[in-house]
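Colleague: I have a model open and want to go through it with you. Where do we start?

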Amino acid sequence: MAFKSDIVFEPHRIHAAAVYCSDGRFGDQCDQFLHEHLGLPNYDRIALPGGPGALAGHAAAAVDAAAVMSDLRFLVEAHELTRVVLIAHGGCAFYAQKLGLTEPALEQQQVQDLQGVAAALREAGVERVETYLARVAGERVGFEAV
C-alpha cells in the first residue's frame, strides 16, 4: 500500500451531495463550509468546471450537462440523496470563457443557473436543495445563500 490515510472510514451515508466548481482555489474552502457550517461530514461530491452552471443547459456545456445530470440522478437513487448543496463562485472561468460573460451579468447568470438547477433537482426527487454563492473577500472566501 503506497499510502494509508489516517482518517477513519465512515460507512454511514448522510444522504447529501454537493455540486461545486473544480477550481482548486475554492476546494478547501468549500469543504470547510460544508463540513463546519452546514454539518455535512461525508457528502457525495461532484466537482466540475462551472459547478452547477455546467448543469444549467448552456449550449457550451450541453453534452456534459446531460451526462452529469444522469450521474446525479443515479446518486439520488443509489445513495438515497435527500439534500443537495449547489455552490457557484465569483469570477468563475466557465462563465467568463465558455459563456463570454463579465460582471455583473456573470453573477446574475450564476444566480439564475443555481435556481434552475435547484428546480430540476427538486423535480428529480431531492427534498432539500440549497444554493450558495462563494466570493473572495480579502484573503478569505465567504459563502452567501441565494
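Modeller: With a definition: on a 1 Å grid over the protein atoms alone, a cavity is a set of points where a 1.4 Å probe fits but cannot get out, while a pocket is an open set with protein on both sides within 12 Å along at least five of seven lines; lining residues have an atom within 4 Å of a point. Grid points are joined across faces, edges and corners, and a volume is the space filled by probe spheres set on the points. The model is predicted, so local features need pLDDT of at least 70 and side-chain atom pairs count only at pLDDT 80 or more, whereas totals for chains, interfaces and linings use all residues. Residues are numbered from 1 along each chain as its sequence is written, and side-chain values use heavy atoms, with hydrogens and water left out.

Colleague: How many cavities of 30 Å³ or more does the structure hold?

Modeller: The structure holds 1. The largest cavity has a volume of about 30 Å³.

Colleague: Which residues line the largest cavity?

Modeller: Tyr20, Cys21, Phe26, Cys30, Ile87, Ala88 and His89. The elements giving two or more residues to this lining are β1, α1 (24-37) and β3 (83-89); helices (H or I, at least four residues) and strands (E, at least two) are DSSP runs, numbered from the N terminus. Strand β3 gives the most, with 3 residues.

Colleague: Is Ile87 buried or exposed?

Modeller: Isoleucine 87 is buried, with a relative accessible area of 2%. Buried means under 20%, exposed over 50%, and partly exposed in between (1.4 Å probe, protein chains only). Among the residues that isoleucine 87 touches are Val19, Phe33, Leu114 and Phe143, where contact means heavy atoms within 4.5 Å.

Colleague: New topic. What is the volume of the largest pocket?

Modeller: About 180 Å³. The largest pocket is lined by 13 residues, and Phe9, Glu10, His12, Arg13 and Asn42 lie nearest its centre.

Colleague: Now helix α2. Which of its residues are buried?

Modeller: Ala65, Val68, Met69, Leu72, Leu75 and Val76. Seen down the axis of α2, the buried residues fall within an arc of 115 degrees, so they line one face of the helix; the arc is that of the directions from the helix axis to the C-beta atoms.

Colleague: What is on the other side of α2?

Modeller: Val63, Ala66, Phe74 and Glu77, which are exposed.

Colleague: And what covers the buried residues of α2?

Modeller: The cover includes β1 (16-21), β2 (44-48) and α4 (105-123).

Conventions
Lists of a residue's contacts leave out its neighbours within four places in sequence.
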